[in-house]
Amino acid sequence: MLPLYTRDEMRAVDRAASERYGIPSSSLMESAGARATDFLLARYRDLRDVLIVGGEGQNGGDGWVVARHLLARGVRARCVLIGSADKVRGDARVNLDALAKLGISVSNTMELEGATLIVDALFGTGLARALTGLHAEVVARINDSGVAVLALDLPSGIDADSGQILGSAIKADATVTFAGHKRGLFQFPGVEHAGVLHVASIGAPVPDSDVAVIEAHDVAALLPRSERDAHKGSRGHVLVIAGSKGKTGAALLSSFGALRGGAGLVTIAADRDTQPVLELKVLEVMTAQFSDAASIAKLAEGKGAAVLGPGFGVDDERKALVRELARELPLPCVLDADALTALGSDLEQLQRARAPRVLTPHPGEASRLLGRSTPEVQADRYGAVRELARRSGHVVVLKGAHTVIGSPEGAVRVCRAGTPALGVAGTGDVLSGVLGALTVRLSAFSAAWASVQIHAVAGEIAAISDRGLFAHEVADAIPRALEQARAET
């Protein structure tokens, strides 16, 4: 997995390099600029006129190092300081002064005409305020120029922790980020502003992180090939408690997801009006009828996991039934869709659950669970998933572009796979089924992040365009997604 870091964690890396390991801060800046130059020369060919736009801080210093290394390799860069040279301090000042001695002029006026590449060295991870005035104007001019931009550490104006735009932000073609990946570059809109991401070592040790991005080999390692003598009984039996009048499709899609996700047996539990309708639609799936919580508890006997909620209904009787099942079912259970609606904002009730639960809200459902607006949830998806997991005491999958998965212990995983085509009714039902199947054999947290990754890649495989995808096509592509993960290891 790729670890992700906050701005404070990156500052701690810099402090430890100096205070614990005796590495001068000037060496870190030199390494950052040199590695960024390596990437720049490898990626860009037309370097007739490289324009480096730096600020008064240490990110500007990284830019001045790039200018010096380009000159050493036969490429002369134009440099622009946005601000006052009198305010440049520390290592950035040393490297700014070195440019004059090398005959590289530094202007206070940004002239974009003729530039073939712009290096953004305005602001680094430390920015925590909205860009306004001159800085916002500079960002707008660069974005409107049509010239490719290479950002140093992260695009200026992007919040390092959340990925939100601080007033305005550079839209880069590529970003060289230093020491470790920043969390904000793996959530929207930061993702769209970063372009191609490359992490560059600066010669200082970087600790592990409890927040990380899922990679294909992580899934492959978690799901080894089946034993040659595997049979339906050994693969686990998933109970899908879902469906109601007009919403039988949700139950079917969850059951498809469970079978494609590796379950050997799937039973859909439905009420007496819905079960006969489902019975006419199913082939590989069994159906059973329930009347109350006791009858569902009886159906749960011998099952490995359950999925509760897709298309289940949200009248008062169903809500009360869901709340009871969410607490009392004695097997791992995925809570999705109508089950989340039934919980309301009382997440704490799940702390009394008799077995692990996995909640799978989309941003709107998360907003109701947390009692805040959807934009607020989206503005801090890492914080939202952690609060949901902490308050419920269970694993949470916060769906959406770059889905975030959180454990009650504070660990977070990010899935960067997927396609906009997945934004269609029913794909979440498929995911809940896959999750149910994997929860039979894995811990709730491992099952959650592995299911999200497999589901997202299946969407990529099944999609022909950025729209027009059927949810059942995602289910059908799940085995291919797993094989693709194994092939990439």
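Which residues of α11 are buried? Before the reply, some ground rules. This is a predicted model, in which local features need pLDDT of at least 70, side-chain atom pairs count only at pLDDT 80 or more, and totals for chains, interfaces and linings use all residues. Residues are numbered from 1 along each chain as its sequence is written, and side-chain values use heavy atoms, with hydrogens and water left out.

The protein chain holds 18 helices and 19 strands. Helices (H or I, at least four residues) and strands (E, at least two) are DSSP runs, numbered from the N terminus. Along the principal axes, the C-alpha atoms of the protein chain fill a box of roughly 85 × 45 × 45 Å. Of its 489 residues, 57% count as buried. Buried means under 20% relative accessible area, exposed over 50%, and partly exposed in between (1.4 Å probe, protein chains only). Contact means heavy atoms within 4.5 Å. Among contacts between residues at least 6 apart in sequence, 72% join residues at least 24 apart.

Now to α11, residues 316–328. Its buried residues are R318, L321, V322, L325 and A326. Seen down the helix axis, they fall within an arc of 135 degrees, so they line one face of α11. That arc is taken from the directions from the helix axis to the C-beta atoms. The buried residues pack against α10 (293–300), β14 (305–308), β15 (333–335), α12 (338–343) and β16 (357–359). The face turned away from the buried side carries the exposed residues D316 and E317. The expected span is 1.5 Å times one less than the number of residues.

Next comes α13, residues 363–370. Seven of its eight residues are buried, so α13 is largely enclosed by the rest of the structure. The buried ones are P363, G364, E365, A366, S367, L369 and L370. Their cover includes α12, α14 (374–379), α15 and β17 (395–398). After α13 comes G371, with a positive phi near 70 degrees.

One of the elements covering α13 is α15. This helix runs over residues 381–392. Its 12 residues should span 16 Å at 1.5 Å a residue, and the end C-alpha atoms are 16 Å apart, which agrees. Buried in α15 are R381, Y382, A384, V385, L388, A389, R391 and S392. Just after α15, G393 takes a positive phi of about 80 degrees.

A loop deserves a look as well. A417 lies in the loop between β19 (412–414) and α16 (427–439). At 19% relative accessibility, A417 counts as buried. Leaving aside neighbours within four places in sequence, A417 touches Q453, A456, V457 and E460. A417 and G459 are 42 residues apart in sequence, yet 8.9 Å apart in space, C-alpha to C-alpha.

Last, a helix pair. The axes of α8 (residues 248–260) and α18 (residues 471–487) come within 8 Å and cross at roughly 10 degrees. Axes are lines fitted to C-alpha atoms, for helices over the stretch in contact, and angles run from 0 to 180 degrees between N-to-C directions. The two helices are therefore roughly parallel to each other, a term for angles under 35 degrees. L253, F256, G257 and R260 of α8 meet A471, H472, A475, D476, I478 and P479 of α18.

Definitions and conventions
Angles under 35 degrees count as roughly parallel, over 145 as roughly antiparallel, 65 to 115 as roughly perpendicular and the rest as oblique.
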